[in-house]
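Take a look at the model below. Then follow the text from one part to the next.

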Amino acid sequence: MRPVLIVSNDDFNRLTGLVKVVPITTKLKDFPIHLDIPDGLEVEGQVLLEKEHLI
């Protein structure tokens with residue numbers, strides 16, 4: 001299992017019945033659309049913005 005960050009808002013979720021998510025990885029890379037998760041949160045790593053999914 002991989003943790004994800006939900007990037008869609010409640011209106012989108014209700015209207016479509018879907019949720020937009022992006023995966024989180026702990027394998028850090030210097031890539032412009034891999035954003036670091038700030039320190040001090042429950043999950044550590046980077047958000048992989050190029051891999052958006054609808055679930």
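Which side chains meet in a salt bridge? They are those of Asp11 and Arg14, at 3.1 Å from N to O. A salt bridge here is a side-chain nitrogen of Lys or Arg within 4 Å of a carboxyl oxygen of Asp or Glu. A search of the whole structure finds 1. Both residues sit in helix H1, residues 10-16. They are 3 residues apart, so about one helical turn separates them. Arg14 is exposed, at 62% relative accessibility. Asp11 is partly exposed, at 47%. Buried means under 20% relative accessible area, exposed means over 50%, and partly exposed lies in between (1.4 Å probe, protein chains only).

A word on the basis of all this. The model is predicted: local features need pLDDT of at least 70, side-chain atom pairs count only at pLDDT 80 or more, and totals for chains, interfaces and linings use all residues. Residues are numbered from 1 along each chain as its sequence is written, and side-chain values use heavy atoms, with hydrogens and water left out.

Now step back to the whole chain. It has 1 helix and 5 strands. From the N terminus, the order is β-α-β-β-β-β. Helices (H or I, at least four residues) and strands (E, at least two) are DSSP runs, numbered from the N terminus. The C-alpha atoms fill a box of roughly 35 × 20 × 20 Å along the principal axes. Of the 55 residues, 24% are buried.

Next comes His34, in strand S3, residues 34-36. His34 is buried, with a relative accessible area of 11%. Its side chain makes a polar contact with the side chain of Glu50, at 3.0 Å. Such a contact is a pair of N or O atoms within 3.5 Å; within protein, one must be able to donate a hydrogen and the other to accept it, and residues adjacent in sequence count only if both atoms are side-chain atoms. Leaving aside neighbours within four places in sequence, His34 is in contact (heavy atoms within 4.5 Å) with Lys29, Gln46, Val47, Leu48 and Glu50.

Phe31, Ile33, Leu35 and Leu49 make a nonpolar patch of about 330 Å². Patch residues have over 30% relative accessible area and no salt bridge; like charges are joined within 9 Å, and nonpolar side chains (Val, Leu, Ile, Met, Phe, Trp, Tyr) within 5 Å. Accessible areas come from the Shrake-Rupley method with a 1.4 Å probe; for residues, only the protein chains shown count as cover. Leu49 lies in the loop between strands S4 (46-48) and S5 (53-54). Leu49 is partly exposed, at 36%.
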